[in-house]
Amino acid sequence: MGCILLASKVEEEPRSIHSIILTFAHIYRRRRLRVGDDISKYHYGAADAEADNCAVLNDQEKENVVRSVKPMSMLGPVYAEWKEALFNIENVILQTLGFTLYWIPDSHPHKFILYFVRVLEIDDNEVAQKAWDYCNDSCRIDLCVRYEPEIMACAAILMACSSNDIELPLVPRPWWEVFIGGNRDGDLSAVCNAILSVGDEENMEIRRAKYAFVPSLLDKTSFNDPESYLWSKSD
């Protein structure tokens, strides 16, 4: 939530704290019911939350349950807890970044795709669009804080060209070394595999993040855990 709030400010697309909290509360209710997931086939241990109680419901019935819940009251204890946590984590993120945010809008991998495609003289617009889509997929995981945007852009172009049967020069050296330097093949491969895994419905880590909960690495620090504050109180 803190990242969403901060990103909306940085990108000049402000969202109110109230709307962010209600949106995340709605998402969490859907995940408690495992809407869209096959409860009988996939199990995530503690992250299953209330799956046992909703196994008899179909997706439409689950949607009806979610829609029947009244929005969280701004005067209630749960909303106050979420709001305080949201402010706290926003401050933590700002402190971690050193309150320096001006570089973020210029560090998206999308920015580099059209430049790189032009340099590589790729005339197929479908390749650029496909690479753009791969970059969008990368935003669903943590690649942006692990790798430089240039590497992510090169990985997206590499996969887009591969899917469109377009060969790029590999001699006297691979084409991507022009943009990201040498000895980065491992990073490029890791980014490609990570982006492709986003669409892998059999990847349990991806499914857990999409349909259930990702357990916090720290005790009592995340609303993303079934045992956290939200799930022990009436919402």
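Me: Helices here are DSSP runs of H or I with at least four residues, and strands are DSSP runs of E with at least two, both numbered from the N terminus. Where is Glu148 found?

Reply: This is a predicted model, in which local features need pLDDT of at least 70, side-chain atom pairs count only at pLDDT 80 or more, and totals for chains, interfaces and linings use all residues. Residues are numbered from 1 along each chain as its sequence is written, and side-chain values use heavy atoms, with hydrogens and water left out. Glu148 is found in the loop between α7 (125-138) and α8 (149-163).

Me: As what does Glu148 count at 36% relative accessibility?

Reply: Buried means under 20% relative accessible area, exposed means over 50%, and partly exposed lies in between (1.4 Å probe, protein chains only). The value for Glu148 is 36%, so this residue counts as partly exposed.

Me: Which side chain is joined to that of Glu148 by a polar contact?

Reply: A polar contact is a pair of N or O atoms within 3.5 Å. Within protein, one atom must be able to donate a hydrogen and the other to accept it, and residues adjacent in sequence count only if both atoms are side-chain atoms. Here the distance is 3.1 Å, and the partner of Glu148 is Arg184.

Me: How many helices and strands does the protein chain have?

Reply: Read along the sequence, the pattern is α-α-α-α-α-α-α-α-α-α-α-α. That gives the protein chain 12 helices and zero strands.

Me: What share of the contacts in the protein chain, at a separation of 6 or more, comes from residues 24 or more positions apart?

Reply: Contact means heavy atoms within 4.5 Å. Count the contacts with a separation of 6 or more, and residues 24 or more positions apart account for 69%.

Me: At what angle do α1 and α5 pack?

Reply: Axes are lines fitted to C-alpha atoms, for helices over the stretch in contact, and angles run from 0 to 180 degrees between N-to-C directions. The axes of α1 (residues 2-10) and α5 (residues 77-96) are 8 Å apart. Their angle is about 65°.

Me: Which residues of α5 make the contact with α1?

Reply: On the α1 side stand Gly2, Cys3, Leu5, Leu6 and Lys9. On the α5 side stand Leu86, Ile89, Glu90, Ile93 and Leu94.

Me: How many nonpolar, polar and charged residues does the contact of α1 with α5 have?

Reply: Ala, Val, Leu, Ile, Met, Phe, Trp, Tyr, Cys and Pro count as nonpolar, Asp, Glu, Lys and Arg as charged, and the others, Gly among them, as polar. Sorted by class, the contact of α1 with α5 has seven nonpolar, one polar and two charged residues.

Me: Glu90 is in helix α5. Is Glu90 buried or exposed?

Reply: Setting aside neighbours within four places in sequence, Glu90 is in contact with Leu5, Leu6 and Lys9. Its side chain also makes a polar contact of 2.7 Å with the side chain of Lys9. The relative accessible area of Glu90 is 7%, so Glu90 is buried.

Me: How far does α2 reach from its first C-alpha to its last?

Reply: The expected span of a helix is 1.5 Å times one less than its number of residues. Helix α2 (residues 17-33) has 17 residues, for which 24 Å is expected. The span in the model is close to that, at 25 Å.

Me: Where is Glu121 found?

Reply: Glu121 is not a glycine, yet its phi is positive, near 60°. At a relative accessible area of 66%, Glu121 is exposed. Its place is the loop between α6 (110-119) and α7.

Me: What is the relative accessibility of Asn183?

Reply: Asn183 is in the loop between α9 and α10 (185-197). Its phi is positive, about 60°, although it is not a glycine. Asn183 counts as exposed, at 79%.

Me: Which peptide bond is cis, with omega near 5°?

Reply: Look at the loop between α8 and α9 (177-180), where Pro172 is found. The cis bond runs from Val171 to Pro172.
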